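Dear colleague,

I am handing over the structure we spoke about, and my notes on it follow below. Please read them with the coordinates open beside you.

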Amino acid sequence: LAKLVIFSSFVHQLAFTLFSSLSFAIGTVQDAGLIFLSAMANTIANAILSEGGSVGEVISTTLVVLPLGTATLGLVLMLLGKFRLLDIVSYLPMPVIGGYLAFIGYFCLEAGVALCIGKSMTTISDRELP
């Protein structure tokens, strides 16, 4: 996993160096995206395993879907930059951005607690409603 992160960082910085109009730009891998990739992988695994699929199917499907999703997002962001459409981001209200950041914080807290107790936390309460 560490080698993959280092390789991803290398590719990210290489893209920044070759394609950025800012000569001082430094590219790093953000951990916020990993939260959504983790949620996608969890959803894929739950869907396949609930239908009686194998662990091999989960791994192969995840190894195809996550890079495709990441590449698609990267392409969309590159097109937004190429056509100078990034000003549309300024129309996002601050509560939306705050909610996004709050979700990242909540997800990190939830993952940390789940790691500490050795149990998956999928809901706010620890019991199911009737």
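**Packing of H2 and H4**

Helix H2 (residues 32–50) packs with helix H4 (residues 94–117) at an angle of about 65°, their axes being 10 Å apart; axes are lines fitted to C-alpha atoms over the stretch in contact, with angles running from 0 to 180 degrees between N-to-C directions. This is a predicted model, in which local features need pLDDT of at least 70 and side-chain atom pairs count only at pLDDT 80 or more, whereas totals for chains, interfaces and linings use all residues. Residues are numbered from 1 along each chain as its sequence is written, and side-chain values use heavy atoms, leaving out hydrogens and water.

H2 and H4 are therefore roughly perpendicular to each other (65 to 115 degrees). In the contact (heavy atoms within 4.5 Å), Ala 32, Ile 35, Phe 36 and Ser 38 of H2 meet Tyr 100, Phe 103, Ile 104, Phe 107 and Cys 108 of H4. The residues of this contact divide into 8 nonpolar, 1 polar and no charged.

**Cysteines**

The structure holds 0 disulfides, a disulfide being a pair of cysteine sulfur atoms within 2.5 Å. For Cys 108, which also takes part in the contact with H2, the closest cysteine sulfur is that of Cys 116, 13 Å away and so too far for a bond. Cys 108 counts as partly exposed at 43% relative accessibility, while Cys 116 is exposed, with a relative accessible area of 71% (exposed is over 50%, buried under 20% and partly exposed in between, with a 1.4 Å probe and protein chains only).

Conventions. Helices (H or I, at least four residues) and strands (E, at least two) are DSSP runs, numbered from the N terminus. Angles under 35 degrees count as roughly parallel, over 145 as roughly antiparallel, 65 to 115 as roughly perpendicular and the rest as oblique. Ala, Val, Leu, Ile, Met, Phe, Trp, Tyr, Cys and Pro count as nonpolar, Asp, Glu, Lys and Arg as charged, and the others, Gly among them, as polar.
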